[in-house]
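Here's a quick briefing on the salt bridges in this one. Have the model open while you read.

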Amino acid sequence: MSKNKSSESVKVVVRCRPMNRKEEPNGPSGGIMQMDLRLGQVILRNPRASHSEPQKTFTFDAVYDANSKQRDLYDESVRPLIDSVLAGFNGTIFAYGQTGTGKTYTMQGMWLDPEKRGVIPNAFDHIFTHISRSQSDKQYLVRASYLEIYREEIRDLLDPNHANARGLELRESPETGVYVPDLTSCVCKSIKEIEEVMNVGNQARAVAATDMNEYSSRSHALFLITVECGQPGPDGRKHIRVGRLNLVDLAGSERQAKTGVQGERLKEAAKINLSLSALGNVISALADGRSGHVPYRDSKLTRLLQDSLGGNAKTVMVATLGPAPQHYDETLTTLRYANRAKNIQNQPRVNEDPKDALLREFQREIARLRAQLNHRKWRSKQKKERLDEEDSDPDGEEDIEEEEEEVEKEAEEYVKQEEQRLEREKEAIRGDRSLLADEKQRLLGEKERMMGDLRKEQEATEQLTAKYKAIESKLLVGGKNIIDHTNEQQKMLEVKRQEIAEQSRNEREMQQKMLVQDDETLELRETFTSLQQEVEAKTKKLKKLYAKLQCIKAEIQDVNDEHVRSRQELEQTQNELTRELKFKYLIIENFIPPEEKNKIMSRMTFDPEEDQWKFQPLVPAESKPLQMKKRPTSAVGYKRPISQYARVAITMGANNRFRAENIMFLELDMNPPNTASLLGRLKDAELNLSTSADNSPTNDRGVHKSRSWCQSQTSLTSSSSNVSLSACTAMPASAQ
Ligand code: ADP
Ligand code: MG
């Protein structure tokens, strides 16, 4: 499956946007950098340093200044990559830089203005134009997906309820590398369709305002295009090449301290920076070349871009810069980052005949449906022929070639004839007086059924045809005009433009090479006529080397400073997070019962694949039957809390489950008073009146407390009923 296996480095281009209205009053119109377009160099001046301090020079594959056109960037730096994708390579373009420096402008641009359309719309044009101009023996299938990484979660932007859905997982396969298994992918047949896909996704993208850029994007967006191309090879068999294109618009790389973000936003910024710092670490590890371990697994972004950085892909990085002096630090960081990325070596290869090519599946399905349809039509034809024989009216149609339309016509005709025949037969049955009414009914019913069957079959054929046509229409065939651009002049213009772009690229490369060689060989060629001359030359050389040394020293100092700064920032983030952790601990320790906490803790497991804590299911797992949690029992060991009365009754053996329970021991008086006892009580009352004034009022009025005949009066104090009440009510509380 591998072909053209060779190593090539990541192409890095730099683009500086024009000053905006806010910046213009602040600084010199030239900004802090000069760009040498011919040499591909950026010369950066520190606005805070003295003029004697050496400027920093960086060299890239190409540089684009404030006056650069979208079209130039595309033709020079992106077009060759898209051509490779169309030839079956994997390709990635990513825009990196501080918020507001033109990442989105470069990637998307202004769709409605043909001059300002960015990389993505131009790539759409390019892909579909290429397909329409290719030879007719090529079959294409183009698919698009759109995802974003927001707070380290992958979201499918084409899924209508992506905001509520859980983050998608990542998988890895030796064939396709890292991929997202459940990602929506739309088959696109034209520029219009793929633009529609892009629009749907863009609307779903999360945008939030910060101080830096009101609509700055807080997420990393990846637009994925898969182009499968089937073509008969020299061996006569059809071969499929699959090119995958990743168009990546990263979130802003600025430091969070500058954006004035707080709270939720800070966490978000920390996560964005986690992905970006992981990307930085990956780039450093790859550029260094010495460290064996590349930390791809540290973030979702780096895992998704694993192939693009040091793997099977051709990659272009567009580093975007702002010209304003206040962004000097960020600009320098971006340039360093970009400079490091130049050293990454990729091993791109053509993906030929991968197992998971959808085109192959489509081709198989089309072949299967066609076979089914042909079979059906053939059957109809056979039946028709038989019918024709019966009617003894052969019209010699056997000789007709089985062209699709003819067969279809014949099948339709067969259905029509069959319908007419059944109608005729029905009429005949109705008109036949020799048949009994029952018999007539039965025969008519039978004919009805036959007609129903016929219709069903016809419907099934129609459905099959529709399905067949739908699948077939998804495949694009080369040479067909899906775009209206037969204009030869336009084609010529494009070719010329490409040639010019190619030429300027080559020129730049040569210039860069010459510059390096000049430096090295100049001294070697020098011959000295006198000692004096030699001293002069050597002093000059010494001065030059000294300046270089100073530059490098300054560079080291800068890098150290930056490390200190980023460490401070990390510490700040850590402090924030520790504070939050303490807050959560406080809540847990004080407001969550320890046994509940333990229960929860014992059910939690960490999933390293998803980088998340997860609850183990309550349903017992096959392997761990003890996992199921038991229903909690009451404090004294019953299934549910029950009253003391019920417990006593249970020990006595009665079925007490639904019997009402007394709260107080106030039982029915089973010995109703008679006249004699009433008289006796009256006498008592009189006696009491005369002897004591502080007798209980109940006794005074002759009203007596309900009292059990089997209990003594002393046991009926109010305190005893209180005890029993509290005993009953205490139970459920203690059982909890
Ligand atoms: P980012 O995506 O990096 O946050 P944007 O692409 O949104 O930044 O750009 C910020 C603003 O700068 C936009 O209004 C955009 O139109 C403008 N801009 C960026 N680059 C250019 C450029 N090369 N030419 C003209 N305008 C630009
Ligand atoms: Mg943006």
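There are 32 salt bridges in this structure, each being a side-chain nitrogen of Lys or Arg within 4 Å of a carboxyl oxygen of Asp or Glu. The model is predicted, so local features need pLDDT of at least 70 and side-chain atom pairs count only at pLDDT 80 or more, while totals for chains, interfaces and linings use all residues. Residues are numbered from 1 along each chain as its sequence is written, chains are lettered from A and ligands numbered from 1 in the order in which they are written, and side-chain values use heavy atoms, leaving out hydrogens and water.

- Arginine 336 pairs up with glutamate 555 in a salt bridge, with the closest N and O atoms 2.9 Å apart.
- Arginine 336 is buried at 8% relative accessible area, whereas glutamate 555 is partly exposed at 27% (buried is under 20%, exposed over 50%, partly exposed in between, with a 1.4 Å probe and protein chains only).
- Both belong to a salt-bridge network of Lys56, Arg336, Glu555, Asp558 and Glu562.

**Pairs within one helix**
- In helix 10 (residues 437-474), arginine 442 and glutamate 446 sit four residues apart, about one helical turn, and their salt bridge has its closest N and O atoms 3.6 Å apart.
- Helix 13 (residues 594-603) holds lysine 599 and glutamate 596, three residues apart, and their closest N and O atoms are 3.1 Å apart in a salt bridge.

Terms used
Helices (H or I, at least four residues) and strands (E, at least two) are DSSP runs, numbered from the N terminus.
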